[in-house]
Amino acid sequence: MRAPDRTVLRETGYIALFTLILSALMQAVFLVIGKWDYTVLLGNLLTGAAAVANFFLMGLTVQAAAGREEKDARQMMRASQGLRMVGLFAVLAVGVILPCFNTVAVILPVFFPRIAVMLRQLLLKKEDKNEK
Amino acid sequence: MLELAIGIILGGCALGAGVAMIAGVGPGIGEGNAVAKACEAIGRQPECKSAVTTTMLMGCAIAETTGLYALVIAILLIFVAPSNFINLLLNALK
């Protein structure tokens with residue numbers, strides 16, 4: 001297996017940072033509404049880590065697929081997506097079934113990378129406007 | 001009669017989860033197409049590899065979200081909804 005590309009590491013770092021910030025925000029919201037306990041923290045840690053790992057694995061697949069033929073790359077991405085889905089399903093199932101994890105805190109962090117990407121697009125647009 | 005109602009609830013939830021997971025197929029196809037086109041672009045202009053990879057990663061992350069929505073709905077239908085619906089039914093019968 002090849003070492004991770006600098007681009008993949010940089011993007012994963014960015015996603016991890018935003019996931020951390022959004023996780024802290026979620027913990028704060030739970031604290032404010034008076035529903036915080038250790039299950040919220042554990043649930044957040046479980047799926048926050050799984051979401052970042054999912055993004056990193058996607059990056060590794062993209063990196064590996066970039067040097068291949070079109071058809072191979074397409075098949076590789078499909079296989080990777082299927083396997084990552086199964087992995088996420090297992091993690092979410094464990095989080096939802098076991099009582100030591102809060103269900104809401106398990107489910108929400110899965111969407112943090114998507115929010116991070118959306119925020120990044122907004123920030124990039126603002127930077128572009130400032131440059132102009 | 002109660003057993004039948006519980007069976008219908010469980011069957012409906014399982015069926016719903018299965019139908020929801022159909023949406024999990026789409027992102028795989030979309031990501032595959034995106035990466036295939038990116039390979040073509042990198043082959044044409046190898047100096048743009050870093051920029052293309054970044055854009056592709058972000059695009060794949062967005063494409064995957066629909067699959068994640070489906071996954072979360074399926075998880076909730078399998079593990080959370082049945083017990084809630086059965087409790088609702090039992091409370092209604094009391």
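Here is a short tour of chain B and of the place where chain A touches it.

Before you click, note that this is a predicted model, in which local features need pLDDT of at least 70, side-chain atom pairs count only at pLDDT 80 or more, and totals for chains, interfaces and linings use all residues. Residues are numbered from 1 along each chain as its sequence is written, while chains are lettered from A and ligands numbered from 1 in the order in which they are written.

**Stop one: chain B.** You will find three helices and zero strands (helices are DSSP runs of H or I with at least four residues, strands runs of E with at least two, numbered from the N terminus). Along the sequence the pattern reads α-α-α. The radius of gyration, taken over C-alpha atoms, is 21 Å for chain B, well over the 12 Å that the globule rule gives for 94 residues, so chain B is more spread out than a compact globule. That rule is 2.2 Å times the number of residues to the power 0.38. Turn to the C-alpha atoms of chain B: they fill a box of roughly 70 × 15 × 10 Å along the principal axes.

**Stop two: the contact.** Now select both chains. The contact takes 31 residues from chain A and 31 residues from chain B, with two residues in contact if their C-beta atoms, placed from the backbone, lie within 7 Å. On chain A, color H1 (6–32), H2 (38–66), H3 (70–97), H4 (103–107) and H5 (112–131): each supplies at least two residues of the side that touches chain B. H3(A) gives the most to that side, with 14 residues.
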